[in-house]
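Biologist: I have the model open and some time to go through it. Can you walk me through what is in there?
Modeller: Fine, ask away.

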Amino acid sequence: MSTLLRQIGIKFFLTEESDSSLDRFIPVFHEWIREKRISDTLLIDVADYRHVPNGPGIILVANEAHYAIDSTGGASGLLYSRLRDQARPAKEALADAIKRAAFAANALQNEPRLAESLSFRTDTLEMHVSDRLIAPNSPETRASVEPIFRSVLEELGYQGGDIVLAQDSRSRFALRLSGARESPSLASLC
Amino acid sequence: MSDVETKLNWKERLGPRISAEMGEEIDVFETNMILRKAGKIAPKIFAEARLRRGMYGQRYDNGSRHDGSATQRLDFPCGDLTKGPETVWDAPGMCRIKIPMGVVSNEQLDLLSDLAEEYSDAILHVTTRQDIQLHFVHIDNSPDLMRRLAAVGITTREACGNSVRNITACQYAGACAESAFDVTPYARAATYFLLGHKDIQDFGRKFKISFSGCKTNPCGLAMFHDVGCIAVTKEIDGVAKRGFEFYVGGGLGAVPFQAQLFDEFVPEEELLPLCQAVCRVFSRLGERKNRARARLKFVVKKLGIDEFKAIVLQERATIPEDSRWTTYLAELSVSDDKPLRKGEPLDDSIALPEGFSDWREHNLWQQPQENYVTATIRLPLGDISAEQARSLTTIARKYTGDTIRLTVEQNMVVRFLSESDLPKFYLELAAANLASPGASTIADIVSCPGTDTCKLGVSASRGLAGELENKFAREPLVDPEAQKLHIKTSGCFNSCSQHHVADLGFLGVSRMVEGRRVAHFQLVLGGEWGNNGGAYGLAIGAFPSKRIPQVVDRVLGYWAKEREEGETLQSFVKRVGRAVIKKELNSLRKVPSYEENPDFYTDWGDSREFTVGDLGTGECAGEVVSIVEFGLQDAERRLFDAQVELEGERSGQASMSAYKSMLTAAKALIMVFNIDIEEDADRVLSDFRKHFHDTGRFHDPFAGAKFARYLLNRYDNPPSLEDSAVTAREAIDEAQLFIEAAQACYQRMQGTI
Ligand code: SF4
């Protein structure tokens, strides 16, 4: 039986030196909408949650996914959250989500207005599944998904590092890779 | 996880956890979705069905959005498929989830957090009606979402549309020394008695009920509800009997009405039948064609309270006995909180955590139950993340059990907290970023969704509220009297933030300046939050959105300087008068040129150049509300201002406002032809003449050009500040007739009469 997944989220974390103040992402995301900067994705609007501490921050709302400058859990990063896709083989779904998240993170990193003070860590990334029907936060899900996640990462050029499970059993299923010995650049992932 | 397991769906997974009745209702809705996709249900019919299931439209769901330079089409993959008139199927929408009396269990809040993550944007938004809203929800997800809610006993049924909306009640009910008794079981009984009741299925508009435990506090807000019930006891034959002071016909919106006393004592066993009788009368006599006049308040106003009461009592006498009217009275304790821990006093000799004293000052409510307090969790703009909500249920499970309630100030409370646990409780809240001090102070601002997600939003009410909250955090107010004030911001005059009863209320409007649109907020000053929302504020004038923080400073400064000993802002506004305050604020009305300061031409939290081009047709009341109806409602609001001014013996001002209300109505009608003009009398008159007077379009079938001439005559003989009360009265009467004629004209053009 193959493992199927959908509604995957991928988060690339900002480096400690990065300026994570949220105000400056608002005009950038509006511009992305105006210029249709993410092909094959219908960008709709910008949602402002600057007032929610450790929340989704600023969200670029799209039809197929949300792109957020998210600080859930206290660490800021670019969170790509796929919406309403069909369940498909986990490996394919994970690889696709990483690619799309990397594209957005790389584009932010190259934004002239942000470039000087924004960079993403490559040794750490997080995945989650926002679908408790097919991927409840359980040991069985972990046993099934973790090896696939690891193998996707290796194929993409990640080496080493620890994979840990999200702490609260009520949270959506999430795995975090940290401390990878080797990792690809964002540009090579898109 | 596996392909076998994924064949399972929520319906099968939850199975018997969903009651047969709720399951069937959701199945019916899902079938309607299929039929709509197949083109077998008309968009308008499906829209009403969807609204009655709590699935609302959201901004940009007509498939277009102004990107700051031009309006762009949003090409959703569904093509032409719609979920209502001009509402694209794939466009994100809002889901409103009814939480009766705001009472939510830990299990329910955990589930709501899951839904926010899976179907929305990981945020739960608390509304001023103690609902939870999820935004950016796809309609295709709604059956699963509803099933999962049903499995924990929550329904979205009649959360929107022309129905009885979520019934609200004091968050302190059952934990308040000032209440006559706990209103929770009564509000609960009314909720489930009326939910889906056949007598409420044919309303012309929405209907709101609230319960309050006392007359003085602002938790239940009985004074602006269609039906407001205030708990009272009365000694009858030497026995204290429970009952309700029963108010009807209150409402906010463009034309706010204070509720009127229907009966000073309705015995508890008469509560449900009387509510039912009022609903039946509303269903029968409520306006259908003119949506702007379709709330109960207009029925009460038209008939007068005495006649209305007579009709309701007559109706009451005809309703067949229903055992549900009274069965719940035998089990009133069913909704009582069951505290987890014994109430113990706080040992004040221990070292208290940093920040605790500030938090304690405004966020705790002393309960009558010894050594118990209720703690308010202040939520910025009513938002809480899914993670935070889970942290809150963890904390509640540890200290209090199932005692969380949502408040009409968009916060949450945790009740029956032992005082001895307060320091630990506070530290755990703080770790989840849920320990903001200043609950219910001036810094705790209530805001409607405004331009963030509402199709009717004109200005960024949430952006403004966020800016003001930041300002108060940066520069805390030291004046304890100022700290007690309330600020509420609405994106338009529909007043979803309840700005009429705020000390400083704001509603979004726009103004043309040198050919460009500029976001503004109208200031409404001196409303009363206490006494169940006891009095409405006075409209002072519109100010550029970007100057509102200065406006707040100026108002507070002026009041601090000029107030008499112990004088509230409300009394101060009454004493000093609108004209003087307006003058004091006058310099803040100016908008710098675009070249001088382009920032004024954007709104808070939005880098796009400001526009009203995204205004859509709203679904507030079930059916579509066009921008023209919007304008006509604005005219009504202005006429209301004129009446207030006349009552306040400002006849010249009243005369001018009445004239302005006619201009606003005329301008709204002109928008039928997609002509968006500045509020300039010459231009309005010239277009009105051309499109409505000279064509005869405005003419009344019986009175001909009579009403149109009211406007033309006033234009030729403009009002002045010297006008007498008699002239002002005449101007108001004429304006009233002119606006009625404008409404009728619009309806004729729509083919509805
Ligand atoms: S007040 Fe206006 S903008 Fe705010 S939610 Fe209500 S209808 Fe929308």
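Biologist: Is Gln410(B) buried or exposed?
Modeller: Gln410(B) counts as buried, because its relative accessibility is 2% and the cut-off for buried is under 20%. Keep in mind that this is a predicted model.

Biologist: Where does Gln410(B) lie in chain B?
Modeller: In the loop between β18 (404-406) and β19 (412-418) of chain B. The phi of Gln410(B) is near 60°, a positive value in a residue other than glycine. Most residues other than glycine have a negative phi.

Biologist: Which residue of chain A has a positive phi without being glycine?
Modeller: Arg84(A) is one, with phi near 50°. Arg84(A) sits in the loop between β6 (77-82) and β7 (88-89) of chain A. At 28% relative accessibility, Arg84(A) is partly exposed.

Biologist: And what follows α8(B)?
Modeller: Gly304(B), with a positive phi near 85°. In helix α8 (residues 296-303) of chain B, the buried residues include Leu296(B), Phe298(B) and Val300(B). Among the elements that cover the buried residues of α8(B) are β13 (239-248), β14 (260-267), α7 (271-285) and α9 (305-318) of chain B.

Biologist: Switching to the ligand. Which residues come nearest?
Modeller: Of the 13 residues around the ligand, the nearest are Cys448(B), Cys454(B), Gly457(B), Cys492(B) and Cys496(B).

Biologist: How many charged residues are in that shell?
Modeller: There are no charged residues in the shell; it has seven nonpolar and six polar ones.

Biologist: What does Ser461(B) touch?
Modeller: Leaving aside neighbours within four places in sequence, the contacts of Ser461(B) include Cys448(B), Pro449(B), Thr489(B) and Phe521(B). A polar atom of the Ser461(B) side chain lies 3.1 Å from the backbone oxygen of Cys448(B). Ser461(B) belongs to helix α14 (residues 461-474) of chain B, and at 0% relative accessibility Ser461(B) is buried.

Biologist: Now the interface. How much area do chain B and chain A bury between them?
Modeller: About 3,900 Å², with 56% of it on carbon and sulfur atoms. The contact takes 48 residues from chain B and 44 residues from chain A.

Biologist: What is Gln388(B) in contact with?
Modeller: Beyond its neighbours within four places in sequence, Gln388(B) is in contact with Val52(A), Pro53(A), Ala432(B), Asn433(B) and Leu434(B). Gln388(B) lies in helix α12 of chain B. Its relative accessibility is 6%, so Gln388(B) counts as buried.

Biologist: How many salt bridges over all chains?
Modeller: The count comes to 78. One of them joins the side chains of Arg147(B) and Asp27(B), at 2.9 Å, N to O. That pair links distant parts of the chain, 120 residues apart, with Arg147(B) in helix α5 (residues 142-151) and Asp27(B) in helix α2 (residues 20-37) of chain B. Arg147(B) is buried at 3% relative accessibility, whereas Asp27(B) is partly exposed at 25%.

Biologist: How far apart are the closest N and O atoms of Arg683(B) and Asp687(B)?
Modeller: They are 3.3 Å apart, and the two residues form a salt bridge. Arg683(B) and Asp687(B) are separated by about one helical turn, because they are four residues apart in helix α22 of chain B. Arg683(B) is partly exposed, at 38%, and Asp687(B) is buried, at 7%.

Biologist: Which residues are joined into one network by salt bridges that share partners?
Modeller: Asp40(A), Arg82(A), Asp85(A), Arg88(A), Glu92(A), Asp96(A) and Arg100(A).

Technical notes: Residues are numbered from 1 along each chain as its sequence is written. Chains are lettered from A and ligands numbered from 1 in the order in which they are written. This is a predicted model: local features need pLDDT of at least 70, side-chain atom pairs count only at pLDDT 80 or more; totals for chains, interfaces and linings use all residues. Side-chain values use heavy atoms; hydrogens and water are left out. A residue is near a molecule or strand if one of its heavy atoms lies within 4 Å of it. Ala, Val, Leu, Ile, Met, Phe, Trp, Tyr, Cys and Pro count as nonpolar, Asp, Glu, Lys and Arg as charged, and the others, Gly among them, as polar. Contact means heavy atoms within 4.5 Å. Buried area is the accessible area (1.4 Å probe) that two parts lose on being put together, summed over both. Helices (H or I, at least four residues) and strands (E, at least two) are DSSP runs, numbered from the N terminus. Buried means under 20% relative accessible area, exposed over 50%, partly exposed in between (1.4 Å probe, protein chains only). A polar contact is a pair of N or O atoms within 3.5 Å; within protein, one must be able to donate a hydrogen and the other to accept it, and residues adjacent in sequence count only if both atoms are side-chain atoms. A salt bridge is a side-chain nitrogen of Lys or Arg within 4 Å of a carboxyl oxygen of Asp or Glu.
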